[in-house]
Amino acid sequence: MNGTLVTEFLIVGFSEMPHLQVPLLISFLCLYMAAVSGNLLIMVTISASPSLHTPMYFFLVNLAVVDILCTSTILPKLLDSMVGQRTISYGGCMTQLFFFTWSLGAELLLFSAMAYDRFVAICCPLHYSAWMGPRVCAFLAGLVWAISLTNTSVHTSLMLRLPFCSSNVIEHFFCEIPPLLKLSCAPTQLNEAMAFAADVFLAVGNFSVTMISYGCIVASILRIRSAEGKRRAFSTCSAHLIVVSMYYSTVIYTYIRPSSSYSLNKDKVVSVIYTSVAPTLNPLIYTLRNKDVKVALRRLLSCC
């Protein structure tokens, strides 16, 4: 197959497990509905509640936008492929790659911004209003979206220059960098080097920043005299750390390896975590366990 003749790709998805098609279809449909409705509810609740117009919730709204972007880029096409149409056009595949990589980079950067916000709030409370003012928050959010947009533009441009001539069968459930590189009949060293560099900066680097921030937060919590205060603080931090660690570890695992080591079944399971599970859990972990959000949500629902 000549590289210039590739007009569509065949997505394998989960077709090798026909006995699980119905349970998987129901599961992904529920995950998508929960992710979109949960994140939309959080956005509306925060926007409609002046008491929640603080830096922490400003970043949570951005996170909700990213999660909706991620799931809406991946899951509708996955559901469509499970009930019939398993092909995706070349342009559709590159578009999916662009928006997914954009949401992935933005989420990784947002976790660092949110960790920094919590670090300033807990460790430097007297400087919080100055260090996390509206202009600073807007600048950090703009930086998150700009860096992630630059990152996805580079990766998508590099992918567009590659010919695909050995096969058009994507051994995955969406268009992602590793399985696409495996299909190219041209050298992919530059693509792999850029993916590795992006993973080191966006995943490993931001994970380190997040862990350092939470390390300082834990040290501050340990100085709290109230046992109840310690329990509540550790409960919140531990939940955040579980989600962050799960997200960062799966992304690092996927992108820091060469494309030749891509494994069909194992890597698809890992990808499900950061494309479907994490966006669904984020509203529950970050906001619905929060007393202020619960009060605002009850007030919003009572007005409807």
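Author: Happy to; we will go through the sheet, a helix, salt bridges and the surface. Please keep in mind that this is a predicted model.

Reader: Let's begin with the sheet. What is the order of its strands?

Author: In general, strands of a sheet pair through backbone hydrogen bonds, either parallel or antiparallel. Here the sheet is open and has 3 strands in the order E2-E1-E3, with mixed pairing. Strand E2 (87-89) and strand E3 (169-170) are the edge strands, each pairing on one side only.

Reader: Which sense does each pairing take, parallel or antiparallel?

Author: Take the two sides of E1 in turn. Strand E1 (residues 8-11) pairs with E3 in the parallel sense, over 2 bridges. On that side, Leu 10 stands opposite Val 169 in E3. With E2, E1 runs antiparallel, and 3 bridges join the two. There, Phe 9 has Ile 88 in E2 as its bridge partner.

Reader: Where do the side chains along E1 point, and which are buried?

Author: They alternate along the strand.

Reader: Now for charged pairs. How many salt bridges are there?

Author: The general idea is to look for a side-chain nitrogen of Lys or Arg within 4 Å of a carboxyl oxygen of Asp or Glu. By this rule, the count comes to 2 salt bridges. One of them joins the side chains of Asp 80 and Lys 77, at 3.5 Å from N to O. Both residues lie in helix H2 (residues 55-83), 3 residues apart, about one turn of the helix. The side chains of Arg 118 and Asp 117 also meet in a salt bridge, at 3.0 Å from N to O.

Reader: Why does Lys 77 count as buried?

Author: The cut-off for buried is under 20% relative accessible area. Lys 77 counts as buried because its relative accessibility is 18%. Asp 80, with a relative accessible area of 31%, is partly exposed. In the other pair, Asp 117 counts as buried because its relative accessibility is 1%.

Reader: Which residues form a nonpolar patch on the surface?

Author: Phe 196, Val 200, Val 204 and Ile 256 form the patch, with about 270 Å² of accessible area together. One of these, Val 204, lies in helix H7 (residues 189-221). Val 204 counts as partly exposed because its relative accessibility is 31%.

Reader: Let's finish with Val 136. Where is Val 136 found, and what is Val 136 in contact with beyond its neighbours within four places in sequence?

Author: Val 136 is found in helix H5 (residues 134-160). Leaving those neighbours aside, Val 136 is in contact with Ala 130 and Trp 131. With a relative accessible area of 29%, Val 136 is partly exposed. As for separation, Val 136 and Gln 96 are 40 residues apart in sequence and 31 Å apart in space, C-alpha to C-alpha.

Notes:
Residues are numbered from 1 along each chain as its sequence is written. This is a predicted model: local features need pLDDT of at least 70, side-chain atom pairs count only at pLDDT 80 or more; totals for chains, interfaces and linings use all residues. Side-chain values use heavy atoms; hydrogens and water are left out. Two strands pair if DSSP finds at least two bridges between them. Helices (H or I, at least four residues) and strands (E, at least two) are DSSP runs, numbered from the N terminus. Patches are made of residues with over 30% relative accessible area and no salt bridge: like charges are joined within 9 Å, nonpolar side chains (Val, Leu, Ile, Met, Phe, Trp, Tyr) within 5 Å. Accessible areas come from the Shrake-Rupley method with a 1.4 Å probe; for residues, only the protein chains shown count as cover. Buried means under 20% relative accessible area, exposed over 50%, partly exposed in between (1.4 Å probe, protein chains only). Contact means heavy atoms within 4.5 Å.
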